[in-house]
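Please look over the sequence and the model before reading on.

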Amino acid sequence: MDKPASTAASGRSRRRPSWGLRKRSTAAAVAVVAFALLIGGIIWIALLQSTLTASLDTASLRKAQNVIVELADHEVEDAAEYIRQTGDAGQYVQIIDASGHVAAASDPKAEQVPLTGLRPTPGQTQAQDVSSLPNIGNDDDFHVVAAGVQVGSAPYTVVVASSVQVQSDTVITVAWFLLAATPLLLAIVAVSVWLLVGRSLKQVERIRGQVARINADHLDGRVDVPRTNDELEALALTMNMMLERLQASDREQRRFVSDASHELRSPLATLSAGVEIAAADPSGAMWTQMKDVLAGETDRMRYLVEDLLTLAKANDGGFTIEDAEVDLDDVVDQEIRRLRSASRHQVTAEITPVRIRGDARRIGQVLRNVLDNAERHALSRIRVALRTTDAGAVITVDNDGDPVPEADRARIFERFVRLDESRSREGGGSGLGLAIAAGIMSAHRGTILAAEGPAGECRFEITFPVPDPAAPVKNEGAELAPAQESGRR
């Protein structure tokens, strides 16, 4: 039974390890620099060769023109004296007459045989490259320039043969220098990239190690942020922000599960106890007495589960709203009629016709939750007003109960928050209504907040943005903002 495992392990051990990022980066940098040096060296040598050749051709032409000027101004003998006095090392000059004989030469070795067979007409110039000048016993490469000139009635050819050996030696020296310097340059590049990448990866490895030590039980850990003002610092900051979000999400999830379990425990205990009591009565009369209690607890659990599912959809991105024109005054009027039909308090309203864009059903849900909250806390009267302001459409719901303490006005929109802890849960709802209302308002890009009315009464203010056809409401998962993520007062 152990053989396959050992075989697999040995197979993994025999597998050739892949190159790491450090080796790959170094190899890539060396390859790129080597290729660049190769291409650059070839281009440089070609340009150097071309430049030296052009310079040699220009010097040969200039020499030929100077000789032509001497021929035009003086006799052939004077021109011969000029080329002998101005001769350069590695350069031979001839004056050839019309019969092809050498009339004058800068070197005695070149006085017998013409250096080239080029015979341009007067005013023209021709050039050629030869591998050697056997007539004078020189095996070097030469660049030959021949220029035609008319002296009186006799045509002459001025020949200038310049050795290219110096240029060739220069090109070869440069090529050998590049060839010798290339390994040194590549070694410098390899060492530099190796050290630089290693230094960077050391920071990445440190961050990886710190993240690896963070688990579900220790989400409070953070990575060290290097003060390098580069991508590594940005990576560390991003990792810390991600860990903060994970920790906040985990903390919220744990609190949510704890609160939900606490809320469900009471109706479940009542149902369990009621079933046991009724089952212990052989006459069956206890079922009749307990049915209202059990039905109430069942409804309470159903409402609680529905509210939890609504919030779960909001957090999971599955909370959607419609994007349609809504007569907000009609929605408000409908919810007020519903409240009046069951309320024990005086309900008054002041409604201005307003049209917005959104989801009428969800907006009604927001208003219903706020009105139910007002119904539970009002002493004798509830007042609802709908008006338009510069901020948009504003609904205010006032009741003559005590206002929400200023320190708790943000907290009441958290899940399962009840400011009056002595109040029975049976009469207080699930504690999720205001959280759901806050989520729906966030999806409509609106706000809901608790405040204090002009007469010191309790007030809830619901604000919808000014309708803008160019900016429809968000018709996708509406994730609750941290400050608006729950509960009912």
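## Basis of the model

The model is predicted; local features need pLDDT of at least 70 and side-chain atom pairs count only at pLDDT 80 or more, while totals for chains, interfaces and linings use all residues. Residues are numbered from 1 along each chain as its sequence is written, and side-chain values use heavy atoms, with hydrogens and water left out.

## Thr26

Thr26 belongs to helix H2, residues 21-73 (helices are DSSP runs of H or I with at least four residues, strands runs of E with at least two, numbered from the N terminus). Thr26 is buried, at a relative accessible area of 11% (buried means under 20%, exposed over 50%, partly exposed in between, with a 1.4 Å probe and protein chains only).

The side chain of Thr26 comes to 2.9 Å from the backbone oxygen of Arg22. Beyond residues up to four places away in sequence, Thr26 touches Ala190, Val193 and Trp194 (contact means heavy atoms within 4.5 Å).

## Val93

Strand S1, residues 91-96, holds Val93. Val93 is buried, with a relative accessible area of 1%. Its contacts, leaving aside neighbours within four places in sequence, include Lys63, Val67, Ile83 and Val159. Val93 and Glu111 stand 18 residues apart in sequence, and their C-alpha atoms are 9.7 Å apart.

## Helix H8

Helix H8 covers residues 360-377 and is mostly covered itself, with 13 of its 18 residues buried.

How values were computed
A polar contact is a pair of N or O atoms within 3.5 Å; within protein, one must be able to donate a hydrogen and the other to accept it, and residues adjacent in sequence count only if both atoms are side-chain atoms. The expected span of a helix is 1.5 Å times one less than its number of residues.
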